[in-house]
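Hi,

Here is the structure I promised to pass on. Have a look at it first, then read my notes below.

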Amino acid sequence: MQYKMLALDLDGTLTDSNKQVTPRTAAALAKAAEKGVRVVLASGRPTVGVQPLARQLGLDKTGGCILSYNGGRVSDCATGLTLVQHAFPPELVGPVCAFARENDVTALTYDAAGILTERPDDPYVQIEAATNQIPARKVPDLAAAVDFAVNKVLIVGDPEKMPHVEELMQQRFAGRLSIYRSTPFFLEVMPLGVEKAASLELLLRTQGLFAENLMACGDGWNDLPMIRFAGLGVAMGNAVPQVKAAADYVTADNDHDGVGLAVEKFILQEEGTP
């Protein structure tokens with residue numbers, strides 16, 4: 001069997017519009033795990049926002065992993081042990097928060113209890129809180145509140161202005177941070193060089209595996225590196241055009257069993273690559 005690891009983005013990929021995994025997709029993942037495939041939930045969400053879904057899919061019993069914070073951390077579902085970790089440069093938390101204020105967008109990060117932000121009532125902060133089912137708490141100065149290691153900072157704002165904000169931020173922090181959008185209103189701000197593909201490569205290496213042993217499914221801009229890196233990159237039918245162009249195969253959308261169909265075709269039926 002060529003594909004021994006399966007990396008799945010969550011929102012817009014594994015989960016449907018109601019943030020649920022369809023029965024057909026869940027069944028396909030269970031069968032893949034029975035065949036020895038290591039399922040990795042690869043998301044921009046914090047670890048706590050991925051854990052309920054991992055438990056629902058039984059990944060704590062089948063050797064699954066959580067890749068959270070867009071690759072900032074990879075943990076084992078069964079043991080909770082951290083397998084890969086990248087800390088955000090502490091000296092850049094303040095400048096990133098200052099940039100957000102200058103451009104009237106909102107910065108947030110996470111602690112063990114949930115989201116920390118200066119603007120918890122921001123509607124896009126509320127989307128992040130609802131998606132992860134965690135509270136958003138107000139702090140007067142986010143940079144001052146972050147006196148512990150974090151894995152990423154998320155910038156949120158109006159989708160119409162975010163492309164310009166991304167461009168400005170890329171210029172301001174060039175060579176110091178990795179910056180890319182995950183949705184039209186979320187801008188992921190990561191330690192330099194950290195994204196899903198880089199952490200998947202490290203995880204593969206610990207298993208004695210290579211890129212050709214990886215199948216990856218995604219829909220958003222932040223999925224591009226892993227779609228390009230994987231031996232088989234699968235774009236969802238609802239993926240942004242750039243992801244579809246980079247993929248080896250385009251499956252159905254997230255509301256019509258796209259992940260399940262791809263797993264059936266390339267892992268369960270072992271029909272090989274397209």
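Helix H8, residues 196-206, has a buried set made up of Lys-196, Ala-197, Ser-199, Leu-200, Leu-203 and Leu-204. These residues are on the same side of H8, because they cover an arc of only 160° around the axis. Turn to the other side of H8 and you'll find Arg-205 and Thr-206 exposed. Bear in mind that this is a predicted model.

The ends of the helix are worth a look too. Just after H8 comes Gly-208, with a positive phi of about 70°.

Now for the sheet. It is open and has six strands, in the order E8-E7-E6-E9-E11-E10, with mixed pairing. Strand E8 (136-138) and strand E10 (177-183) are at the edges, each pairing on one side only. On average, neighbouring strands of this sheet are turned by 30° against each other, ignoring direction.

Helix H5 (residues 123-132) packs on this sheet and touches strands E6 (106-111), E7 (114-117), E8, E9 (153-156) and E11. The direction of H5 makes about 165° with that of E7.

As for the E10 end of things, E10 and strand E11 (residues 186-191) run antiparallel and are joined by six bridges. Which residue in E11 is the bridge partner of Thr-183? That would be Phe-186.

Cheers

Terms used
Residues numbered from 1 in each chain as written. Predicted model: local features only at pLDDT ≥ 70, side-chain atom pairs only at ≥ 80, totals over all residues. Heavy atoms only, no water. Pairing = 2+ DSSP bridges. Helix = DSSP H or I, 4+ residues; strand = E, 2+ residues; numbered from the N terminus. Axes fitted to C-alpha atoms, helices over the stretch in contact; angles between N-to-C directions. Contact = heavy atoms within 4.5 Å. Buried < 20%, exposed > 50% of the residue type's maximum accessible area, 1.4 Å probe, protein only. Arc of directions from axis to C-beta.
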